[in-house]
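Good morning, and thank you for the time.

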There are 2 protein chains.
Amino acid sequence: MTDRAKLRWNAWGTAGHQEHLAAAKPLWTFLGDALCVGPLPQTPAKTLAESTLAPSRLAFGDVAPFQQAGCEISSSAEDRAFHARGDSYRDLLDLRAGRLDPLPDAVLYPRTRDACLKAIEAAARLDIAVVPFGGGTSVVGGVAPLAGRHRAVVAIDTTRLDQVLAIDRMSMTATAEAGIHGPALEQRLNAEGVTLGHYPQSFEFSTLGGWIAARGAGQQSNRYGKAEHWLVSARLATPGGLWSTEGYPASAAGPRLTDLVAGSEGTLGLITDATVALHAAPEARDYRAFLFHDFAAGREAIREIVQADIPACSLRLSDEDETHFYGVLGRLQREPKFKDRLQDFYLKRRGFDGRRCALIAGAEGDRASVRFAHAHVAAIARRHGALAAGSGPAESWYKGRFHGPYLRDPMLDRGLGVDTLETATHWSNVAALHGAVRRALLDAMQAHSNGKGICLAHVSHSYRDGASLYFTYVWPRATGGLDAEIAQWTAIKKAASDAIAAYHGTISHHHGAGTDHAAWLPAEKGATGMNVLRALKSALDPTGIMNPGKMGL
Amino acid sequence: MTDRAKLRWNAWGTAGHQEHLAAAKPLWTFLGDALCVGPLPQTPAKTLAESTLAPSRLAFGDVAPFQQAGCEISSSAEDRAFHARGDSYRDLLDLRAGRLDPLPDAVLYPRTRDACLKAIEAAARLDIAVVPFGGGTSVVGGVAPLAGRHRAVVAIDTTRLDQVLAIDRMSMTATAEAGIHGPALEQRLNAEGVTLGHYPQSFEFSTLGGWIAARGAGQQSNRYGKAEHWLVSARLATPGGLWSTEGYPASAAGPRLTDLVAGSEGTLGLITDATVALHAAPEARDYRAFLFHDFAAGREAIREIVQADIPACSLRLSDEDETHFYGVLGRLQREPKFKDRLQDFYLKRRGFDGRRCALIAGAEGDRASVRFAHAHVAAIARRHGALAAGSGPAESWYKGRFHGPYLRDPMLDRGLGVDTLETATHWSNVAALHGAVRRALLDAMQAHSNGKGICLAHVSHSYRDGASLYFTYVWPRATGGLDAEIAQWTAIKKAASDAIAAYHGTISHHHGAGTDHAAWLPAEKGATGMNVLRALKSALDPTGIMNPGKMGL
């Protein structure tokens with residue numbers, strides 16, 4: 001289970017985590033070559049002791065009201081530093097450089113819904129802004145401790161609200177508190193033979209409330225849905241009191257206000273607990289790999305699979321560069337084998353020399369559905385020229401499915417910048433959007449560094465009408481200190497975001513808007529839409545204390 | 001195709017429609033007996049000539065601005081009467097008695113989005129309320145021409161906005177104008193090999209915009225979804241200008257404001273056109289019937305089917321009384337046959353003497369999915385003790401699936417009251433809700449009539465976490481004139497609605513809130529939810545001209 005006390009304040013995972021890849025010298029040589037920068041420097045992070053923390057702006061008289069609300073309150077350096085940022089690249093730049101400002105002036109730990117309500121009421125009275133903080137794994141600045149126009153800011157850490165309150169096995173729903181971490185939630189559900197099935201890459205450290213607030217997606221979203229799909233109802237502590245949303249399987253009694261909670265990012269209130277839709281714990285689980293001649297063929301196969309309602313749970317298609325990169329990465333980690341040479345020979349014979357695209361296709365559920373899904377997936381893949389590559393590569397992917405973020409810290413230690421971003425669009429626009437964002441990223445990385453960048457992409461979430469695109473990009477970090485590094489990242493991020501907007505993608509498919517995407521939100525929601533968002537905000541949070549600055553609100 | 005000019009102003013369908021059941025004398029004897037009232041009286045409707053219409057409150061100067069906006073404008077008796085009400089029982093009582101007040105002061109016919117925008121801007125300037133009017137088939141008072149606090153009210157008839165604007169075959173979406181009727185829309189889509197698959201009972205006469213505004217459901221919603229599920233994006237003419245909502249397959253860029261459009265009932269703006277999600281026109285279509293020993297066994301089978309994600313498109317389970325009633329109705333329409341006696345004998349041998357519940361299970365799509373669905377549906381039904389009754393009864397249901405509303409007018413001609421209502425709740429609560437609403441209806445019909453009532457119910461829409469319940473109820477109409485009839489209906493409706501609220505059902509699953517359900521909305525949305533709705537309304541329609549009085553807004 002997730003032990004908050006053991007988590008690192010400025011890196012992914014627990015203290016003492018050893019990243020075996022960091023020791024793989026060929027990796028650094030490969031990356032240095034690929035980025036055209038030669039040997040990579042050592043760029044270690046500062047310790048907390050080396051960082052400077054501004055004193056808390058809370059007055060002595062501010063403490064008692066929060067304690068009376070039923071919250072533990074802390075202004076220790078450890079607590080404030082842990083809650084100073086989320087887990088975006090931009091956040092890590094700050095933390096690693098020891099620049100912790102802005103900081104929360106204190107961290108509150110409520111244990112009950114009532115304590116949340118009273119703490120928020122007290123904050124409103126005291127003119128103190130509130131940042132709801134679950135796992136703190138936001139990669140879009142969703143937990144930035146901005147005071148807005150208020151005199152101070154506190155983080156409300158929800159992780160002591162960690163109970164499953166009810167499981168309705170007949171209706172296949174569960175009600176759980178917002179601060180429960182992924183592993184604890186699934187352990188409780190699995191013990192009853194059910195699952196939520198929401199496994200984002202951050203699963204080990206993120207919380208139910210965060211998944212909902214950020215409108216997140218798990219890796220098996222084709223089966224289990226995104227947060228907005230599995231959210232049945234929610235309770236939020238707002239400055240005006242408790243907001244309990246409707247909880248019906250479907251309704252025509254006006255717009256469904258529950259829909260406003262998914263993606264609200266703490267700006268409308270703090271989610272205290274939620275009812276979510278469950279599936280039976282899967283009887284069978286089967287992941288298989290396929291190789292396509294190109295990205296377009298693989299995309300067409302995915303489109304056909306989802307438009308024919310084939311019950312796959314996960315369809316993850318890497319583009320040519322990503323397939324190549326992970327292929328190299330896999331071989332770097334072990335001695336070259338005769339098997340590898342044999343495989344290369346076979347692929348060449350089948351017309352796959354050089355560029356190809358890997359698809360991991362997963363199905364979960366009862367045995368008959370899984371069989372049905374795989375029979376159809378395989379037939380469709382074949383029709384699009386794919387080669388079945390068996391379950392081996394798929395099982396490897398499955399085993400390492402939470403591993404991505406652990407790689408980032410050793411890369412940051414070696415002078416590399418690395419970030420991810422994601423978008424979604426309709427099928428008829430996926431190719432154009434992929435090309436535009438890729439070009440924008442590569443151009444910007446080259447323009448703003450002393451080498452060049454690597455850009456990898458995959459489709460990981462698909463719908464009848466479109467799909468998501470997820471980009472990972474690596475570049476040689478600017479030298480000259482934190483401000484230069486921030487300017488470099490900002491320029492690259494802006495180039496990509498502008499391309500997304502110009503090519504009709506959403507600025508985020510499952511990471512959220514936070515502070516980083518706020519500037520692109522008006523293009524997406526329109527003037528009227530922004531007006532609606534502001535009206536909602538002001539109805540629920542008239543003085544604007546809830547998570548100021550996120551979504552531009 | 002739907003020809004608006006031929007539709008009856010105070011009854012379902014086109015002028016000259018002959019309802020063959022009306023001539024079936026045994027039907028009236030059966031109903032008279034079942035309701036304990038003996039021979040049924042003749043209670044014909046008044047003609048339009050016998051009705052009195054208040055003069056239009058529009059001034060001469062009000063006409064030009066609407067014409068300049070690009071709208072045809074009419075204040076003919078026919079136009080005003082046609083737009084005076086929807087198609088609820090309560091509406092028909094008024095129309096049949098010739099009580100047309102309240103009436104729209106004029107009817108506007110825009111042909112373009114721009115004309116809608118300008119007409120609404122003009123209305124706001126002139127202090128005139130606007131009722132968006134599509135097919136006018138609302139059964140909850142959704143098109144009641146209420147002026148609210150404004151000096152007059154106009155209906156904006158959308159049925160000349162009837163074009164399909166674009167079909168994206170790759171993304172499986174279509175963009176169509178809001179006033180297109182069901183048959184025209186499906187004809188256009190089918191010609192391209194695609195379908196929306198939205199077939200409500202009102203399909204022949206209702207419009208795309210109305211389906212969205214009322215958050216409607218088609219009879220195959222298990223496959224194609226409710227309006228809120230297939231709505232991709234919408235354009236609305238609001239007093240503040242055009243509102244174009246987001247159009248992505250999925251997004252995490254804040255709450256999805258498109259979700260606010262489904263169920264908005266014209267209170268936030270007039271839907272001018274919408275993009276909707278399509279399916280391939282089904283390659284195969286297979287409907288089959290099953291008989292269960294009781295409602296509980298049938299419900300458990302449906303629950304198992306949907307929770308196992310079996311791709312049925314339609315699962316319609318009648319309770320014991322409804323199964324019995326439609327069985328009798330079927331036999332009344334033809335001479336008794338040897339086959340009927342044989343069937344009774346067989347059913348008795350299989351333990352089905354007397355009470356039973358019929359399930360119509362449909363699957364549509366490609367052949368493999370349809371086969372897969374039916375194999376699983378049949379296996380699950382068998383496990384719950386059901387007898388397969390073949391495709392005959394299912395095909396009969398399918399053929400008559402739009403016929404229900406045609407029966408109402410002849411019943412109204414014979415002194416009968418007849419109404420329907422629907423709700424939804426979680427599986428663990430379906431039995432309790434069914435019992436409570438049924439008891440409330442039967443008690444109220446008996447208490448408020450000189451005989452007794454009939455109450456029939458079915459499950460017609462099901463979800464992983466719950467299901468809808470649809471009630472049809474028939475009672476001997478009060479004598480003593482319109483006010484007595486309205487008081488009688490109000491008492492029965494209130495008893496049912498109170499039971500729904502007390503037993504945690506939604507006040508409507510797919511009919512909408514309108515005026516009839518407005519009083520129960522606060523119990524469902526909560527004080528905070530109503531606050532949110534009012535804030536939305538006032539952001540988009542600050543002077544409150546859009547469809548006043550619906551949802552209590």
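This is a predicted model: local features need pLDDT of at least 70, side-chain atom pairs count only at pLDDT 80 or more; totals for chains, interfaces and linings use all residues.

Which residues in helix 10 of chain B meet helix 13 of chain B, and which residues do they meet there? B:A301, B:E304 and B:I305 of helix 10 face B:V377, B:I380 and B:A381 of helix 13; residues are in contact here if their C-beta atoms, placed from the backbone, lie within 7 Å. Helices (H or I, at least four residues) and strands (E, at least two) are DSSP runs, numbered from the N terminus.

Residues are numbered from 1 along each chain as its sequence is written, and chains are lettered from A and ligands numbered from 1 in the order in which they are written.

The axes of helix 10, residues 295-307, and helix 13 in chain B lie 9 Å apart, at an angle of about 145°. Axes are lines fitted to C-alpha atoms, for helices over the stretch in contact, and angles run from 0 to 180 degrees between N-to-C directions.

Turning to the interface, 76 residues of chain B are in contact with 76 residues of chain A. Helix 18 of chain B gives the largest share of chain B's side, 13 residues. The copies meet through the same surface, because 100% of the interface residues of chain B are also interface residues in chain A.

Technical notes:
Two residues are in contact if their C-beta atoms, placed from the backbone, lie within 7 Å.
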